[in-house]
2 protein chains.
Amino acid sequence: MEVVGEEVSNKQIILKEYVSGFPKESDMVLKTGTIRLQLPDDSKNAILVKNLYLSCDPYMRGRMRKMEDSYVESFTPGSPIIGYGVARVLDSGHPNFKKDDLVWGMTGWEEYSVIKAPENVFKIQNTNVPLSYYTGILGMAGMTAYAGFYELCSPKQGEYVFISAASGAVGQLVGQFAKLLGCYVVGSAGTNEKVDLLKNKFGFDEAFNYKEEDLEAALKRYFPNGIDIYFENVGGKMLDAVLVNMRLRGRIAVCGMISQYNLEQPEGVHNLFCLITKRVRMEGFIVFDYYHMYPKFLDMILPHIKEGKITYVEDIAEGLESAPAALVGIFAGHNVGKQVVVVARE
Amino acid sequence: MEVVGEEVSNKQIILKEYVSGFPKESDMVLKTGTIRLQLPDDSKNAILVKNLYLSCDPYMRGRMRKMEDSYVESFTPGSPIIGYGVARVLDSGHPNFKKDDLVWGMTGWEEYSVIKAPENVFKIQNTNVPLSYYTGILGMAGMTAYAGFYELCSPKQGEYVFISAASGAVGQLVGQFAKLLGCYVVGSAGTNEKVDLLKNKFGFDEAFNYKEEDLEAALKRYFPNGIDIYFENVGGKMLDAVLVNMRLRGRIAVCGMISQYNLEQPEGVHNLFCLITKRVRMEGFIVFDYYHMYPKFLDMILPHIKEGKITYVEDIAEGLESAPAALVGIFAGHNVGKQVVVVARE
């Protein structure tokens with residue numbers, strides 16, 4: 001147990017420089033500093049936390065380059081990576097948090113962090129599920145799937161739903177939400193192991209390995225009547241193949257475009273005229289805008305998890321030292337399910 | 001005056017073959033046949049009309065190629081071009097129409113046509129405006145502007161609106177609708193004459209010649225705070241430039257993509273990731289789906305026209321013989337305002 005006020009060592013994963021192309025493990029470095037386990041007296045509203053679980057998410061690629069005027073700030077070279085995580089509060093200057101609270105939200109890739117503005121840090125109330133779930137299904141990824149599917153896709157029973165990067169943290173949930181609603185659900189993924197997971201673990205009706213298929217033909221085969229809802233996680237060629245296979249008045253929720261994040265110049269998408277011929281609505285979204293729905297989301301998802309109606313697969317990396325490889329791995333599709341890094345198990 | 005039952009000559013504009021690349025006048029040919037000015041006894045539900053005004057519209061390019069599974073049928077090589085027009089009924093087998101009714105709707109590019117299924121033919125009730133207006137502002141183009149702007153763009157007073165191909169039949173109206181609502185409105189067009197028209201005739205706040213500008217920089221100059229609403233008529237590079245200049249929660253109504261219609265392979269659009277960062281909604285539409293709103297539209301627009309609050313500019317070509325050049329011209333931007341062909345002035 002940490003002693004308040006004690007000075008301890010603090011391992012950190014530091015971003016060395018802004019990254020171009022695919023990120024590499026060597027873009028990050030492990031450093032060991034020290035931290036005093038007490039907030040200074042003038043730390044009004046800050047909290048000091050011990051990090052337990054860290055989340056590896058595709059959007060983090062954007063923060064590894066110099067961006068201006070984007071929806072999230074760039075990381076600072078020389079400082080720790082920042083991301084979602086689960087942590088325990090050791091000291092608090094914020095009225096909403098007290099010592100020993102469990103929380104999830106934006107934290108640093110280090111053993112201990114001072115979170116200066118914990119406005120988007122959520123207190124964990126339900127601890128009868130694995131705590132790591134708050135890095136994904138009960139955190140940002142879960143809210144992303146929930147908001148993107150229910151708020152943007154206007155889903156109806158019996159509709160035809162396609163999800164790319166479907167075995168990832170968000171995709172696996174969207175597919176299960178769609179199945180619960182009585183939709184026909186197909187997912188794509190990049191290995192046969194993931195395809196198997198989609199069909200046999202998450203209950204997708206069909207799934208295919210996008211690396212082994214002509215995308216347009218595969219979609220035509222799985223959706224002879226067209227796609228009502230496309231949950232977009234990848235962009236590029238897949239989007240082009242989807243556009244020609246959309247159904248009249250289809251909807252595309254644009255959640256991410258991971259296939260484009262490591263390119264210098266994004267690929268061109270050629271089939272946008274289909275938006276007109278099929279009267280398709282395509283809408284981008286960011287989970288930040290929907291966090292006010294978090295309590296409602298929990299009310300919905302917790303019973304489903306407890307009753308086993310929703311399954312969740314994590315890919316766990318042990319130790320902060322393994323974090324760079326885990327993060328780099330998601331851009332090569334190495335993770336099977338939600339990529340989590342364990343920093344400490346309390 | 002035509003005599004019922006008389007046999008008369010009937011000039012027709014025939015599509016010779018399916019077209020690739022830019023259409024040429026020589027893709028069409030004038031032929032003169034004959035027609036008897038009376039419907040055969042078994043022509044239940046058909047009407048026989050004398051064509052007065054014909055409309056040249058960008059969507060017609062699509063019908064000049066072999067298409068399957070599209071929202072409109074391809075033209076038939078060897079048969080007359082089909083398009084919107086204003087006509088007078090000479091004989092009717094349909095309960096909704098009688099001799100001497102004035103109508104607008106899909107008709108043939110010929111002096112006299114038999115319209116077999118006049119379900120989408122509208123009877124003209126208001127004749128105290130130029131009849132040619134029913135090929136545009138009071139017809140398909142007007143309904144397109146109305147539905148696209150009010151139904152898809154969710155416009156609000158004070159918002160920043162950009163319209164491409166803004167001096168065309170649809171664009172000039174969308175801009176004026178937006179001005180009536182109190183929006184800031186900028187349009188692009190392809191000649192300085194059209195730019196002048198936008199600013200000095202249609203009351204746009206600003207306009208620019210897209211051929212003389214770096215598109216992204218021009219949009220940044222005219223929209224330092226970004227674009228709330230983009231009414232998309234052109235696609236391609238303009239869409240890419242717009243995407244990076246969209247404002248948070250902007251809306252894009254996708255009406256057409258005329259810059260792409262004559263290309264073998266559409267250009268790639270690279271900046272779709274902006275849909276996510278700006279939470280943009282992009283939606284395609286086709287006017288067919290909104291014709292039930294036509295009476296409501298007329299109630300709105302006719303008083304505006306009579307009071308001079310809405311201006312309308314037509315580019316009139318005289319005689320059916322001039323129709324091929326007029327149609328070809330719209331894809332080169334030769335028309336200034338709505339392109340109409342006069343077949344007969346009654």
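Lys278(A) touches Leu243(A), Val244(A), Met246(A), Arg247(A), Leu248(A), Arg249(A) and Gly250(A), leaving aside residues up to four places away in sequence; contact here means heavy atoms within 4.5 Å. Before I continue, a word on the source. This is a predicted model, in which local features need pLDDT of at least 70 and side-chain atom pairs count only at pLDDT 80 or more, while totals for chains, interfaces and linings use all residues. Residues are numbered from 1 along each chain as its sequence is written, chains are lettered from A and ligands numbered from 1 in the order in which they are written, and side-chain values use heavy atoms, with hydrogens and water left out.

To return to the lysine: Lys278(A) sits in the loop between α7 (274-277) and β13 (281-284) of chain A. Helices (H or I, at least four residues) and strands (E, at least two) are DSSP runs, numbered from the N terminus. Is Lys278(A) buried or exposed? Lys278(A) is buried, at a relative accessible area of 14%, where buried means under 20%, exposed over 50%, and partly exposed in between, with a 1.4 Å probe and protein chains only. Its side chain reaches the backbone oxygen of Val244(A) at 3.3 Å, and a polar atom of that side chain lies 3.0 Å from the backbone oxygen of Met246(A).

I now turn to chain B and its strand β11, residues 227-232. Six of the six residues of β11(B) are buried, so the strand is largely enclosed by the rest of the structure. On one pairing, β11(B) runs parallel to strand β8 (residues 160-163) of chain B over three bridges; two strands pair if DSSP finds at least two bridges between them. Here Tyr230(B) is the bridge partner of Phe162(B). β11(B) also pairs in the parallel sense with strand β12 (residues 246-254) of chain B, over five bridges, and Ile227(B) stands opposite Met246(B).

Finally, the two chains together. Chain B is superposed on chain A by a rotation of 180 degrees with 0.0 Å of shift along its axis, at an RMSD of 0.0 Å, by least squares on the C-alpha atoms of residues with pLDDT of at least 70 in both. That is the relation of a two-fold axis. The C-alpha of chain B nearest the axis belongs to Gly268(B), 1.8 Å from it. The same surface serves both copies, as 100% of the contact residues of chain B recur in chain A. How many residues of chain B are in contact with chain A? There are 30, in contact with 30 residues of chain A.

How values were computed:
A polar contact is a pair of N or O atoms within 3.5 Å; within protein, one must be able to donate a hydrogen and the other to accept it, and residues adjacent in sequence count only if both atoms are side-chain atoms.
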